[in-house]
Amino acid sequence: MQHRRDTTFVTLPIVALAAAGFGVVLASLAIGAREVDTIALERQRATIEQAIDQFGLSLARELRVQSVWNEGYEKVHAEDLPWLHKYYGTYLNQLLGYDRIYVLSSDDKPVYGFDAQNPGVRSDYAKIAPGLSDLVEAMRVPKPKLPADNILNTEISVGQGYKVHHRAVADVRAIDGRPMTVVISTIVPDHAPPDANEPRPYLLVAIENLDKAFTQQLGTNFGFRDLQWISGDVPTGYDTELVRAANDGIVGTLAWRKDRPGLDFMLRAAPGLMLALLPIALLTYLLIVWGKRQLKRILESEQDATRAARTDALTDLPNRVALRERLGLMLDAARAKSSTVAVVSVDLNHFKGINDAFGHAIGDSVLKACARRLEGLVGDDCLVVRPDGDSFAVLAPGLDNTGVAQLASKVIEELIEPFDVDGTRVFVSASVGYALGLRDGDTGDELMRRAELAVGKAKEEADSVAIAFAPDMDAEVTYRLMLETALRAAVADEAIEVVYQPLMDASGKRVLAVEALARWTDPDFGAISPDIFIPLAEETGLIQAIGGLVLRRAVTDCKAWPDVSVAVNVSASQIHHGDVVDVVRKALAESRTPAHKLEIEITESVLLTDEKRANEQMRGLQGLGVRVALDDFGTGYSSLQYLRRFGFDKLKIDRSFIDGAGDPMGSSVVLASIIKLGQDLDLTITAEGVETEEQRRWLQAAGCHQLQGFLFSRPLTATEMTAFIASHRKNRAVAS
Ligand code: C2E
Ligand code: CA
Ligand code: CA
């Protein structure tokens, strides 16, 4: 539907444009044709008027022969009626086709009359006289008020230096309701001087019907089809002209078949035009087809892009973007139905280890297999997503408390089953946490965050159990955030203190070295254990600053303690995200402390992340003359044999082993073998966490070189340490 509407959106403008184009072409043609037609009609009308006038004048000219004539002149004056009847009446009627002929005297009285229609009646002039009075008057005045087209003035020399003036007027008139041309002509002599006493000449009035013959003639001459006088309605398809006399009286209406040259032209041009427009129409059509296809492609690629942006390429599962959208929708639905949406968040444990051990190809296959297993676990109303690299989430609607707990446990069980990838058996475990909307959160983001908080809790558990979100987890996060802010301030203010704990010789009498330990006391939170703030600093990047600060204090403070080394702890993230070698070199140089006084303690976790870099940094430190100790040995997974190739100078056995020192039932066998191995590798061996004299004695007997623990001293301030060392010098002095 959406799709169709969008295609219309491209088709419509093209069709509209094409239609508009056609429209403009046709309209301009039509307008042009109409204009041509209008002009043609006007011309036709003008032609008719002119033709009628010309016809009148031609009659007037024709009559000159009859009216400029001595005999005629004499006979009219004599009022010789038989003569008038013979030469004017009969002659003009029969030879020249006039219908009525009258002769008027000097005072405009009819002296003779002829009417072809009514041969018996000699003069019915009285009936038509009023309609002709203006024409008669025009004959009598020097300057008649008639249009030039209606008047014919002729000067005629009649000999002996005499001239006579001949005038004729012609016009159309309606007589007895019929259109007629009326010609009135003076009757003058043609060779004798006119009678000086006769002021006004006699007049010859000749009238000719403008009947069918006339219209036919006019039609043929000027190309009017079917020209005719009409009375009443205009027949369809005809143009008309209202013919008026010079005195504006209506004479009649001429009608002729419409002549439309423009329209004719158009009709004639139409097929050619259509032919010419055909390619344009075709082009338009092709444009539409092409446009539609393009649009479809764009829409499809847009859909693909939208899909791709919401899909995890590896597992084909919806990603975090899709998760947010879908969870929002599911929450809306749950709200409407007073139902629930469970978010079960799944994080694979130590997935990096799987990648490292088996390679990324197998790691990818395992992730895909996990995705398929999770999909198989839930119904179609649920959604399995992969928001991050090694985490999944299951969104399940309509579950209650027990339901979501069961689902979460099933997820754990499902993933704990070994995977068989290309013949390799891979074991995976998952930390699972969940939150139930709308109880544990209103928005998708909040629910996700809370489910992930629960996952974090689950990770801390030794056993794989699904953990439900609990409100105090939020409080923990809030506390952590506040702590982070406070730590940031402390680092900026250099409010981190450094204390020192001595490392004694095996007898516990001589101070061989001291370990620098960071301390932080916040005005609000009080003293915070390094077991809390050091990991926090590692996660937030503050460890670089803290590490540098402790190092600089340590190399400075130790100058007060001759023959005593100082050990500084360095975190894995300091090795991987900073240049420890450079920091150490500068600290030594600035304090002018010889490198051999410094030991750096690192844990084996450093080696796990980026073995190559760890190696480089270690070599760098040893290159400066600094010794490197392996701290907390025994807590990790690595064997001593494996650690051998890193070339540590020193081994610090974790204090969890020392508890059992001297206890025959405890871990002393393991401890003894560690010490033996260390000796074989030529390492200086330190035991941490020595709290009792029994432990000391056992460790001394086992061959430990250095001992550290509360038995000798708790961590001390630099000043206290100076005193502590001084008192043990006395011991040494006493002992030696
Ligand atoms: P660690 O490097 O193993 O430091 C030794 C820890 O053992 C110290 O805890 C010390 O007070 C404690 N200890 C010493 N003798 C005994 C004993 O006889 N019994 C018991 N139960 N504990 C003993 P502390 O100072 O709380 O430090 C904890 C950890 O914090 C350190 O463990 C170290 O990993 C980290 N840390 C402390 N200061 C720094 C530092 O400046 N930089 C880095 N990167 N880490 C530090
Ligand atoms: Ca240490
Ligand atoms: Ca340690």
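**A walk around ligand 1**

The largest share of the shell around ligand 1 comes from β18, which gives 4 residues. Strands such as this one are DSSP runs of E with at least two residues, helices are runs of H or I with at least four residues, and both are numbered from the N terminus. The model is predicted, so local features need pLDDT of at least 70 and side-chain atom pairs pLDDT 80 or more, while totals for chains, interfaces and linings use all residues. Residues are numbered from 1 along each chain as its sequence is written, chains are lettered from A and ligands numbered from 1 in the order in which they are written, and side-chain values use heavy atoms, without hydrogens and water.

Let us stay with the ligand for a while. Which elements each supply at least two residues of the shell around ligand 1? They are β18 (511-522), α13 (530-540) and β22 (627-633). There are 22 residues around ligand 1 (each has a heavy atom within 4 Å of it), and Q501, D631, R655, E691 and F710 come nearest. By type, the shell divides into 8 nonpolar, 6 polar and 8 charged residues. Here Asp, Glu, Lys and Arg count as charged, Ala, Val, Leu, Ile, Met, Phe, Trp, Tyr, Cys and Pro as nonpolar, and the others, Gly among them, as polar.

Now look at single atoms. An oxygen atom of ligand 1 lies 3.0 Å from a polar side-chain atom of N569. In S571, a side-chain N or O atom is 3.1 Å from a nitrogen atom of the ligand. F710 takes part through its backbone instead: one of its backbone N or O atoms is 2.8 Å from a ligand oxygen atom. The protein covers 86% of the 790 Å² of accessible area that ligand 1 has on its own (Shrake-Rupley method, 1.4 Å probe).

S338 sits in the loop between α7 (320-337) and β10 (341-348), and its phi is positive, near 50°, although S338 is a residue other than glycine. D422, in the loop between β13 (419-421) and β14 (424-426), is not a glycine and has a positive phi of about 50°.

Are S338 and D422 buried or exposed? S338 has 69% relative accessibility, so it counts as exposed (over 50%; buried is under 20%, and partly exposed is in between, with a 1.4 Å probe and protein chains only). D422 has a relative accessible area of 71% and is therefore exposed too.

Finally, visit some buried residues. F419 belongs to strand β13 and is buried, at 3% relative accessible area. Its C-alpha atom is separated by 127 Å from that of I207, 212 residues apart along the chain. I675 is in helix α21 (residues 668-680), where its relative accessible area of 0% makes it buried. The C-alpha atoms of I675 and L135, 540 residues apart along the chain, are separated by 155 Å.

D347 lies in strand β10 and counts as buried at 18%. What does the side chain of D347 make a polar contact with? Its partner is the side chain of K459, at 3.0 Å. A polar contact is a pair of N or O atoms within 3.5 Å; within protein, one must be able to donate a hydrogen and the other to accept it, and residues adjacent in sequence count only if both atoms are side-chain atoms.
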